[in-house]
Amino acid sequence: RVLQLMNLTDSRLAQAGNEKLELAMLSFFEQFRKIYIGDQVQKSSKLYRRLSEVLGLNDETMVLSVFIGKIITNLKYWGRCEPITSKTLQLLNDLSIGYPSSVRKLVKLSAVQFMLNNHTSEHFSFLGINNQSSLSDMRCRTTFYTALGRLLMVDLG
């Protein structure tokens, strides 16, 4: 239900968004990542069967693609909202640290390749350099580039 709600709210972000709802969804993603993404998770678990039936998400790679899509969406639309940007980047960071097999799947996703190739303020507003750059903006940039660096290292072997 959270993933269905996410699809609905993301489709309306250009008009308006709800910060508390976004933070709640990010908390859900974090808990989901801890429990259902990784080498120890049985791919035949009831959850993946149900995700396949309801949303057409057949495997971990497709779920990771949803995660990355949400991360990119949040960074695009919520780039000036520090709590959401920070929590979104923490999710990206945690995914980049995760299990080696999951991180390899992550690097192969076109959305991750997009981030690796387009890490500019044109696509991610929190990367913009201005006179009002705060310490939290700098922390967000550091987290972003740390995660991208890890993803590049996986690609390089």
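A salt bridge is counted here when a side-chain nitrogen of Lys or Arg lies within 4 Å of a carboxyl oxygen of Asp or Glu. By that rule this structure, which is a predicted model, holds six salt bridges.

Begin by selecting glutamate 30 and arginine 33, whose side chains meet in a salt bridge with 2.6 Å from N to O. Both residues lie in helix α2, three residues apart, which is about one turn of the helix. Glutamate 30 is buried, with a relative accessible area of 14%, and arginine 33 is buried as well, with a relative accessible area of 17%.

Now select the whole of helix α5, which has 16 residues and reaches 22 Å from its first C-alpha to its last, close to the 22 Å expected at 1.5 Å a residue. Among the buried residues of α5 are Ile84, Leu89, Leu92, Asp94 and Leu95.

Next, move to arginine 50 and glutamate 53, which form a salt bridge of 3.2 Å from N to O. Both lie in helix α3, three residues apart, about one turn of the helix, and glutamate 53 counts as exposed, at 60% relative accessibility.

Which residues have the most contacts inside the largest nonpolar core? They are Ile68 and Phe144, in a core of 41 residues. Helices that each supply at least two residues of this core include α1 (2-11), α2 (19-36), α4 (60-77) and α8 (135-156), and α4 gives the most, with eight residues. Select isoleucine 68 and look along the chain beyond four places in sequence, where the residues that isoleucine 68 touches include Leu92, Leu95, Leu106, Val112 and Met115.

Finish with the cysteines, where the count of disulfides comes to zero. Cysteine 81 is in no disulfide, and the nearest cysteine sulfur, that of cysteine 140, is 10 Å away, which is too far for a bond. Cysteine 81 counts as buried at 12% relative accessibility, and cysteine 140 counts as buried at 4%.

Key. Residues numbered from 1 in each chain as written. Predicted model: local features only at pLDDT ≥ 70, side-chain atom pairs only at ≥ 80, totals over all residues. Heavy atoms only, no water. Core = buried A, V, L, I, M, F, W, Y, C linked by side-chain atoms within 4.5 Å. Buried < 20%, exposed > 50% of the residue type's maximum accessible area, 1.4 Å probe, protein only. Helix = DSSP H or I, 4+ residues; strand = E, 2+ residues; numbered from the N terminus. Contact = heavy atoms within 4.5 Å. Disulfide = S-S within 2.5 Å. Expected span 1.5 Å × (residues − 1).
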